[in-house]
Amino acid sequence: MERDELECFLLLAEELHFGRTADRMRLSRARVSQLVQRLERRVGAPLFTRTSRRVALTSLGRQLRADLEPHHRAIEAALERAAATARGIDTVLHVGFSNPLTGEIVMRATEALRVSHPGLAVEICEVPLADPYGQLRKGEFDVQITELPVREEDLGGGPTLLAEERMLAIGSAHPLAARESVSLEDLAGVPLLTIDGKVPDYWLEHHVPVHTPSGRPIARGPGVTNMQEALMMVAAGKGALLAPAHAATYYARPGVAYVPFADAEPTGYGPVWRAGDATGAVATFAGMAREVARDMGGVTRLTSDRVGSGNTQR
């Protein structure tokens with residue numbers, strides 16, 4: 001199928017009017033008719049019914065439209081991304097963030113770039129907990145600020161921008177909720193909620209370890225796919241969750257207590273992109289994110305007190 005046939009078919013299927021279709025394609029009505037007839041000969045059956053008063057899709061035409069539209073949109077999006085990349089930093093950059101703290105980094109970097117690089121537009125979206133790298137791989141994000149480590153052969157990234165302490169999110173009725181701090185060994189006495197989705201084994205082990213440092217087993221609780229679902233489970237006493245320090249501020253809610261770990265390594269965050277796709281726009285954004293993170297405390301042990309009120313809900 002020729003591209004002009006495809007575009008003519010989809011436009012006529014939308015407009016159902018030869019004149020408006022011709023105007024949008026900047027062609028004559030006769031040329032639109034020729035393109036439609038050529039496609040119908042290629043298919044072997046009519047795609048439209050035509051009368052002096054109306055144009056309508058046949059059942060075959062409706063089927064062809066449903067099959068073609070998603071692919072046409074994907075091709076147009078791919079061409080748009082390629083053209084944007086070729087333009088360098090005067091483009092639209094799609095940036096993902098994995099949690100509220102990384103979202104704050106992304107927002108501050110975006111605001112700063114509006115002043116320093118007005119030609120670079122940034123569109124942001126949250127990274128799904130259950131699929132931490134899927135949208136990046138599919139090209140829906142150009143870069144994302146996310147938890148480290150990232151050990152994917154097809155992904156690259158920059159250095160750690162920021163690190164913060166980890167806490168245990170646990171039901172406020174649990175005995176551990178009354179403690180000033182907990183240790184990783186305490187996890188042997190409480191099931192941890194697991195993450196359902198397309199998550200690498202090392203990523204899951206970082207968030208939901210199966211053994212304490214001494215080798216004692218840690219029970220697995222129900223699977224969750226997002227933070228709100230996880231907090232509902234925690235409040236209901238179905239399990240606990242390893243959480244970054246900022247969760248005590250951004251996800252404070254009745255029935256959930258946040259208790260600091262005395263011995264857990266902090267969680268780090270950094271920029272990640274597809275290997276080989278470090279465009280000028282990506283590098284510019286990553287550099288600004290580094291400046292923003294340095295102003296927020298840099299590669300230090302941020303605690304909940306430094307990202308907000310930090311009060312736990314007991």
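1. Helices here are DSSP runs of H or I with at least four residues, strands are runs of E with at least two, and both are numbered from the N terminus. By that numbering, Arg 26 sits in the loop between α2 and α3 (29–43). The model is a predicted one.

2. Backbone of Arg 26. The residue is not a glycine, yet its phi is positive, at about 60 degrees. Its relative accessible area is 79%, and because the cut-off for exposed is over 50%, Arg 26 counts as exposed.

3. Backbone of Leu 16. This residue, also not a glycine, has a positive phi, near 55 degrees. Leu 16 belongs to the loop between α1 (3–15) and α2 (18–25). With a relative accessible area of 32%, Leu 16 is partly exposed, because that class lies between the 20% limit for buried and the 50% limit for exposed.

4. Cis peptide. The bond from Leu 148 to Pro 149 is cis, and its omega is near 10 degrees. Pro 149 lies in the loop that runs between β5 (143–148) and β6 (155–157). As background to this point and to the two before it, most peptide bonds are trans, and most residues other than glycine have a negative phi.

5. Sheet. An open sheet is formed by 3 strands in the order β11-β8-β12, with antiparallel pairing. Its edge strands, β11 (241–244) and β12 (256–260), each pair on one side only. On average, neighbouring strands of this sheet are turned by 40 degrees against each other, direction ignored.

6. The β8–β11 pairing. Strand β8 (residues 166–171) is joined to β11 by 4 bridges, and the two run antiparallel. Across this pairing, Met 167 faces Ala 243 of β11.

7. Cysteines. The structure contains 0 disulfides. Cys 8 is buried, at a relative accessible area of 0%. Cys 125 has 38% relative accessibility and is therefore classed as partly exposed.

8. Cavity. How many cavities of 30 Å³ or more does a search of the whole structure find? The search finds 1. The largest cavity holds about 60 Å³ of space. Its lining consists of Ser 98, Val 127, Pro 128, Leu 129, Pro 132, Thr 146, Glu 147 and Trp 203. Sorted by class, this lining has 5 nonpolar, 2 polar and 1 charged residues.

Key
Residues numbered from 1 in each chain as written. Predicted model: local features only at pLDDT ≥ 70, side-chain atom pairs only at ≥ 80, totals over all residues. Heavy atoms only, no water. 1 Å grid on protein atoms, 1.4 Å probe; cavity = no way out; pocket = protein on both sides within 12 Å on 5 of 7 lines; lining within 4 Å. Points joined across faces, edges and corners; volume = space filled by probe spheres on them. Nonpolar A, V, L, I, M, F, W, Y, C, P; charged D, E, K, R; others polar. Disulfide = S-S within 2.5 Å. Buried < 20%, exposed > 50% of the residue type's maximum accessible area, 1.4 Å probe, protein only. Pairing = 2+ DSSP bridges. Axes fitted to C-alpha atoms, helices over the stretch in contact; angles between N-to-C directions.
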